[in-house]
Amino acid sequence: MLCLVVNFCYADTNWQNKFDPQRYEQGLMAAISREAKLTQRESEAFFPIYKEMRKKMMEIYKKQRSMFTKKPSNGEQAMLEAIKNFDATEIELKKLQQSYHQRLLKKLPASKVFMCIKAEERYNRQMMRDMAIKNAPKVNPQNQHHKKRP
């Protein structure tokens, strides 16, 4: 889900101009702490590892974005290679998450790690909803011309 938020951030220039990474990060950390009910000690164990994971994930997302900023040369073979490369980055991303989840499980109970993952997903879904609402085109009823259907 984070991938969607990050990719959406770079795809929509209006949203990109309004995106505040520091505010996003603060909101995400607060949501995770609150929803997973992390104690101070748990937060101190969780967030350094989590931030390290997110930093590495961002590098993978950058690779993915670069794949879509330049269109592969025409031809089925070039398109097939582009798809394979994208799939490889998705697998790399999942392996990275899996390895960091294993590290987190050494520091926190599985229930807390699960709640942290769930909180991140929920926060990112809410961000997407909020962005969709903020970026929805404003409709002026006076300028609407409805065609009657037969």
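Which helix gives the most to the lining of the largest cavity?

## The cavity

That would be H6, with four residues. Keep in mind that this is a predicted model. The count comes to one cavity of 30 Å³ or more, and the largest cavity has a volume of about 50 Å³. Its lining is made up of Phe46, Tyr50, Met53, His101, Leu104, Val113, Cys116, Ile117 and Glu120. The elements giving two or more residues to that lining are H4, helix H5 (76-105) and helix H6 (110-135). Sorted by class, the lining has seven nonpolar residues, one polar and one charged.

## Helix H4

Phe46, one of the lining residues, is also where H4 bends by about 25°. A proline, Pro48, follows within four residues.

How does the length of H4 work out? At 1.5 Å a residue, its 30 residues (40-69) should span 44 Å, and the end C-alpha atoms are 42 Å apart, which agrees.

## Salt bridges

There are seven salt bridges in the structure. In one of them, the side chains of Lys112 and Glu42 meet at 3.2 Å, N to O. Lys112 sits in helix H6 and Glu42 in helix H4, so this pair ties together parts that are 70 residues apart in sequence. Lys112 is buried, at 17% relative accessible area, and Glu42 is buried too, at 16%.

Another pairs Glu52 with Arg103 (2.9 Å, N to O), linking helix H4 to helix H5 across 51 residues. Here Glu52 is partly exposed at 33%, as is Arg103 at 35%.

Glu120, met above in the cavity lining, forms a salt bridge with Arg54 (3.9 Å, N to O). Both Glu120 and Arg54 are buried, and together with Glu25 they are linked in a network of salt bridges.

How values were computed: Residues numbered from 1 in each chain as written. Predicted model: local features only at pLDDT ≥ 70, side-chain atom pairs only at ≥ 80, totals over all residues. Heavy atoms only, no water. Expected span 1.5 Å × (residues − 1). Bend = angle between axes of the 7 residues up to and from the residue. 1 Å grid on protein atoms, 1.4 Å probe; cavity = no way out; pocket = protein on both sides within 12 Å on 5 of 7 lines; lining within 4 Å. Points joined across faces, edges and corners; volume = space filled by probe spheres on them. Nonpolar A, V, L, I, M, F, W, Y, C, P; charged D, E, K, R; others polar. Salt bridge = Lys/Arg side-chain N within 4 Å of Asp/Glu carboxyl O. Buried < 20%, exposed > 50% of the residue type's maximum accessible area, 1.4 Å probe, protein only.
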